[in-house]
Amino acid sequence: MKFYIGTGFIETSEIVEIAKAADDLGYDGMGIPDHIVNLETLSTPYPYTRDGQRRWQPFTHWPDPWVLVGALAQATTRLRFVTTVYIPAMRDPYGAAKAIGTAAYLAGGRVELGVGVGWCSDEFDLVGAHFDARGRRTDEMLQLMRELWAPGWTEFDGEFYTTPRLEMEPSPGHIPIYVGGLSDLALRRAARHDGWIGDLISTDRAIAGIARIRELRAEAGLSMDGFTVLTPLTDAFTVEHYERAAAGGITHTLTMPWMFYTGPQATLAEKIDGMKRFRKDLQLD
């Protein structure tokens, strides 16, 4: 199993040092979440808590993921970067493809694009994006962006986007696409791509999601070979827990190791110490 460090809710000024430490300590990657803004009042309940309340407090940092990846790539040599998750449907496909492709090029192919269709209609409204049909638009954007990232000329004629003959450089090469979400629609979308990103869920729920994806991929004549499953887990703390998760098909987990030792108020030094202790306790070195 591969271990990625989550950067959600962390002060932006700490992230470069955490990335350097993760790179040196042998972690496999970093997960970078995405919100353009945090509105004080929402008409949309947050879908990943029982009471609909957000998991973060006002004035939590949400750095732009592609600016951040560009910086982190220059401070590391082997660490990979995945968005958990980026919302393409709130952007135009050309600007998104340019930012993602540039970050992936600067990172030397160490970028993995984690996407979702989005849950916050208020944020869509603010930026002038349509909340309706965001799933179909996301599907088309992903297809178009893959073509924009490929070398050579691109032409595209879709339901939402018509692209005259053009080219976009630098060409980043292949960027794996992982789809986040827990609904059946999200699992269906993930099954068509390179991986699935779960939420903060139990190992049993993650394994059930994998079983559904396996069915969907089999129906399409696809195996699970090379398919990535990345999720934080609510009930994995020991070697045995992670061995069970890996046996169930979870290939990557997202973790914030300092939470096990110091908690959410950990200083930068305590975060790095927690990362060291976690690897030692799990016998990863």
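Buried means under 20% relative accessible area, exposed means over 50%, and partly exposed is anything in between (1.4 Å probe, protein chains only). This is a predicted model, where local features need pLDDT of at least 70 and side-chain atom pairs count only at pLDDT 80 or more, while totals for chains, interfaces and linings use all residues. Residues are numbered from 1 along each chain as its sequence is written, and side-chain values use heavy atoms, with hydrogens and water left out.

Ile36 sits in the loop between β2 (29-32) and α2 (65-75); helices (H or I, at least four residues) and strands (E, at least two) are DSSP runs, numbered from the N terminus. With a relative accessible area of 40%, Ile36 is partly exposed.

**View B. Met30, Ile100, Leu113 and Trp196 in the largest nonpolar core.**
A nonpolar core is a set of buried Ala, Val, Leu, Ile, Met, Phe, Trp, Tyr and Cys residues joined through side-chain atoms within 4.5 Å. Apart from it lies another core, of 12 residues, with Ile87, Phe124, Ile197 and Leu230 among them.

**View C. Ile100 and its contacts.**
Skip the neighbours within four places in sequence, and Ile100 is in contact (heavy atoms within 4.5 Å) with Trp66, Tyr86, Leu113, Met145, Trp149 and Ile175.

**View D. Cis peptide bonds at Val85 and Pro170.**
The bond from Thr84 to Val85 is cis, with omega near 0°, and Val85 lies in the loop between β3 (80-83) and α3 (93-106). The bond from Glu169 to Pro170 is cis too, with omega near 5°; Pro170 belongs to the loop between β6 (162-166) and β7 (177-180).

**View E. Positive phi at Phe9 and Gln283.**
Phe9 isn't a glycine, yet its phi is positive, about 70°. Look for Phe9 in the loop between β1 (2-6) and α1 (12-25), partly exposed at 44% relative accessibility. Gln283, also not a glycine, has a positive phi of about 55°. Gln283 is in the segment after α10 (268-281) and counts as exposed, at 64% relative accessibility.
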